[in-house]
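Please consider the sequence and the model shown below. The paragraphs after them are meant to be read alongside the coordinates.

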Amino acid sequence: MGLITVCNPDMPEHNMPAFQGFLPSFAQKKLSRIKVYMMNNWVLLGIAIVAEVVATSALKTSEGFTRLAPSVVVILGYAAAFYLLSLALRTIPVGIAYAIWAGLGIVLMAAVGWLAFGQKLDAWGMVGMALIVSGVFVLNVLSRTGAH
């Protein structure tokens with residue numbers, strides 16, 4: 001595996017070579033920037049999820065797009081969410097990113113519905129949310145499905 005492969009920003013982090021500590025200093029700096037670049041994509045995914053939750057919450061208050069301010073928040077929120085998601089997909093596999101997006105979005109929207117809109121969630125609903133969070137955990141921590 002040569003330096004060109006090591007410095008490829010599209011390469012999953014778990015494929016980074018074990019000998020990276022023996023690389024010349026310029027290559028180690030490049031590798032550090034790649035890791036930061038990859039971590040930034042996870043942050044972008046998190047912000048995209050929050051933007052989607054804000055937009056969906058505003059969709060509830062827009063009353064069918066009849067109220068201007070919440071309608072603008074919906075449009076801008078979804079635009080920001082999908083733009084940030086597209087940036088995150090530079091290094092995060094689409095299946096993993098979408099699973100996280102959907103799972104955390106569901107859980108966060110349930111929390112917003114409960115806190116902001118007084119919607120109820122019964123015991124089985126909470127069990128379902130726990131299973132969703134467990135699935136996201138398994139995908140990110142235990143699975144070797146995608147780049148972490």
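This is a predicted model: local features need pLDDT of at least 70, side-chain atom pairs count only at pLDDT 80 or more; totals for chains, interfaces and linings use all residues.

Residues are numbered from 1 along each chain as its sequence is written, and side-chain values use heavy atoms, with hydrogens and water left out.

The mean pLDDT (the predictor's confidence in each residue, from 0 to 100) of the protein is 81, and 72% of the residues score at least 70.

Helix 5 comprises 20 residues, 123–142, and spans 27 Å from its first C-alpha to its last, close to the 28 Å expected at 1.5 Å a residue; the expected span is 1.5 Å times one less than the number of residues. Its buried residues are Gly125, Met129 and Val136, where buried means under 20% relative accessible area, exposed over 50% and partly exposed in between (1.4 Å probe, protein chains only). These residues lie on the same side of helix 5 because they cover an arc of only 40 degrees around the axis, the arc being that of the directions from the helix axis to the C-beta atoms. The face turned away from the buried side of helix 5 carries the exposed residues Ala123, Trp124, Leu131, Val141 and Leu142.

Asn40 belongs to helix 2 (residues 25–61). Asn40 is partly exposed, with a relative accessible area of 41%.

Key:
Helices (H or I, at least four residues) and strands (E, at least two) are DSSP runs, numbered from the N terminus.
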